[in-house]
Amino acid sequence: LKPGSETLLADVEAELGCKLENVNWLPGFFAIASQIQIARSKVYCEGKIYGIDAASGAAVTALNVLPGDHILDLCAAPGAKLCMLAELLGSSGSLTGVDIAKSRLAACRTMLQKYALGESENGDYRGKKDVYQEWSSRVPWSERRKSKHTNRISKANTCELIFYGKHSGVIGLRKEQLFQTGKEEANDGGYDKVLVDAECTHDGSVKHILKFEDWGWDTLQRRLLDADRIGSLTQLQAKYLQLLTNGFRLLKVGGSLVYSTCSLTVAQNEDVVEQFLSNNPSAELQDIRAAKGWPCRSGRIPRTIRFDPCTSRTSGLFIAKVVKLF
């Protein structure tokens, strides 16, 4: 339920035609039967309820968001976790959502507006330049025009979103510009919390796998089980490692980063974390304190956790939490 909508619980149950089962280990979450469709319901369209897997909610909860935190959601689309972060922050701190495609960012913006998040107290967006603002890197017009057709960031001019200085905000820098910054000044800035919920093969997502019932199981074989597809995991590992590295670089000293995927494979989870830790001596795995009451099991690496349908009655999800020591 959207915070503040608790009094509407009976109305939600009446419209959906089912009893909401309280998820006692995750405040504000309720479970419904998988066959219940919420997308066209009035309470969903009016932004009174969210549709999000409890395991995904646990990934956000693992960040331990505090008032005034500056938070980066590095793989923000389609936006449910971004909204949950915004709800937890309220009117304090700042929240930056990043994704690779403008169309996916547009989905995030639509969801934020639907749930009336990020607006000023009187609901007036005029003159509020920081609401839903897009940050763009300083790329020549010729490159922007070229990348416009693919709707993706140009690889030729690799740019990154960098949190910089003591005040909340993001500016576009190219990699070579990043290293021109004085070390002392760079260490003054950074995000308090970073979420890297990486786009993966979705093999642990029950909702995603069930789609193949309509698409055809041969499609599942081709997309997930094909030998060439499985062989491409090495390339995916490199992408995940880069995401983790970028997110960690934007984290302030003492800040926490949560890495999660909805894959059940070790290759997309523990293997990536182990490689990242070996490359970053200032990174250390941190206990996820909130997980003490969660229906999950330990990952292959101590201090990492896994959700799965059998253990948790949720989709599969891997979570690791890292702190930046220096």
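**Exercise 1.** Where is the place of L74? Determine also whether L74 is buried or exposed, and identify its contacts.

*Solution.* The structure is a predicted model.
Step 1. L74 is found in the loop between β3 and α4.
Step 2. The relative accessibility of L74 is 12%. Buried means under 20% relative accessible area, so L74 counts as buried.
Step 3. With residues up to four places away in sequence left out, L74 touches V98, D99, L195, V196, L243 and G247.
Step 4. One of these residues, L243, is 169 residues from L74 along the chain, and the two C-alpha atoms are separated by 7.9 Å.

**Exercise 2.** Describe strand β3 and state how it pairs with β4 and with β7.

*Solution.*
Step 1. Strand β3 covers residues 70-73. H70 and L72 point one way from the strand, while I71 and D73 point the other way. All four of these residues are buried.
Step 2. Strand β4 (residues 94-97) runs parallel to β3 and is joined to it by four bridges. Within β4, S94 is the bridge partner of H70.
Step 3. Helix α4 (residues 80-89) belongs with these two strands to a right-handed β-α-β unit.
Step 4. Strand β7 (residues 191-197) also pairs with β3 in the parallel sense, over three bridges. In β7, L195 stands opposite D73. L195 is also among the residues that L74 touches.

**Exercise 3.** Which residues touch the most other members of the largest nonpolar core, and which elements give two or more residues to this core?

*Solution.*
Step 1. The largest nonpolar core has 27 residues, and W25, W294, I305, F307 and I319 touch the most other members.
Step 2. Two or more residues come from each of α3 (54-61), α4, β11 (305-307) and β12. The greatest share is that of α3, with five residues.
Step 3. Apart from neighbours within four places in sequence, W25 is in contact with A54, A58, G293, W294, P295, F307 and T314.
Step 4. A second, separate core has 26 residues, including V194, Y240, L244 and F276.

**Exercise 4.** Where does S315 lie, is S315 buried or exposed, and with which side chain does its side chain make a polar contact?

*Solution.*
Step 1. The loop between α15 (309-312) and β12 (317-324) contains S315.
Step 2. S315 has a relative accessible area of 10%. This value falls under the 20% limit, and therefore S315 is buried.
Step 3. The side chain of S315 makes a polar contact with the side chain of D53, at 3.1 Å.

Conventions
Residues numbered from 1 in each chain as written. Predicted model: local features only at pLDDT ≥ 70, side-chain atom pairs only at ≥ 80, totals over all residues. Heavy atoms only, no water. Buried < 20%, exposed > 50% of the residue type's maximum accessible area, 1.4 Å probe, protein only. Polar contact = N/O pair within 3.5 Å; in protein donor to acceptor, adjacent residues only side chain to side chain. Pairing = 2+ DSSP bridges. Right-handed = clockwise from strand over helix to strand, strands pointing away. Contact = heavy atoms within 4.5 Å. Core = buried A, V, L, I, M, F, W, Y, C linked by side-chain atoms within 4.5 Å.
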